[in-house]
Amino acid sequence: MNWEQWQDSWDRQQEFYMPDREERFRVMIELVEAVGGHAPRVLDLACGTATISHRLFARLPEARSVGVDRDPALLAIARGSFEGDSRMTFVTADIKSPDWMSGLPDEPFDAIVTATALHWLKAEPLARLYGDLGKLLRPGGIFLNADHMPEPGTPLLNAIDETVQQAHQQRVTRAGSMDWEDWWVAAAADPQLAAEVAASREIMSTHVRGEEHPAGWHIAQLREAGFLEAGIAWRSVTDALVAAIR
């Protein structure tokens, strides 16, 4: 099984929607290094195929990472591509569940990172999750959330950004990139992933649509959860990277 090929196709599919995705990751990993040094202990939250951990190890080879997710297909790709790498471990858990932390190691983390994932949650479970994260970080540790965080007060800029995104998607479609639905169809057609994709689709069929919030909402919730500081570390028109210090 060519797991790296699936990793690459996942990256291209995500870049279909986020042309500046790698820039977000660059800033994220630099902040992890600034807080955790050359060998940070990291929690890759809602890790998917563990894209962030791939970037983490490329920059910081002595880092260690724990990936948490519940999607069978994405975890299969992640586990396959990290097979034999002792720096990476995985925990299957639903972060919406109150007991999602039960399978995690006891040692606190230097950093918790997540990208394009928490908008799948409603406000109440997300606020509860933010409270949980403070228990997992060491004092001075950092939480980093990169996600779609449009500002309701800038409708004209948001509309312009939508035009830019549509033009980008048209270009990459002509170059052969897949969108979300096409990627899952392709994954289901792979006999070695078909069972996991079916299980993923079953989970998605019962999923309750989450909510998007502006960056200020996330900052306020993180401060309410007990983080010492929270602010914007990077942003585009409709996406942002929010950072919070334990």
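**Salt bridges along and across the chain**

The side chains of Arg26 and Glu30 form a salt bridge, with an N to O distance of 3.0 Å; the term denotes a side-chain nitrogen of Lys or Arg within 4 Å of a carboxyl oxygen of Asp or Glu. This is a predicted model, in which local features need pLDDT of at least 70 and side-chain atom pairs count only at pLDDT 80 or more, while totals for chains, interfaces and linings use all residues. Residues are numbered from 1 along each chain as its sequence is written, and side-chain values use heavy atoms, leaving out hydrogens and water.

Arg26 and Glu30 lie four residues apart in helix α2 (residues 21-36), so about one helical turn separates them. Helices (H or I, at least four residues) and strands (E, at least two) are DSSP runs numbered from the N terminus. Arg26 is partly exposed at 37% relative accessibility, and Glu30 is also partly exposed, at 31%. Here buried means under 20% relative accessible area, exposed over 50%, and partly exposed in between (1.4 Å probe, protein chains only).

A second pair to consider is Asp11 and Arg55, whose side chains meet in a salt bridge at 3.2 Å, N to O. This pair links distant parts of the chain: Asp11 belongs to helix α1 (residues 3-17) and Arg55 to helix α3 (residues 51-59), 44 residues apart. Asp11 is buried, with a relative accessible area of 8%, and Arg55 counts as buried at 18%.

Over the whole structure, a search finds 19 salt bridges.
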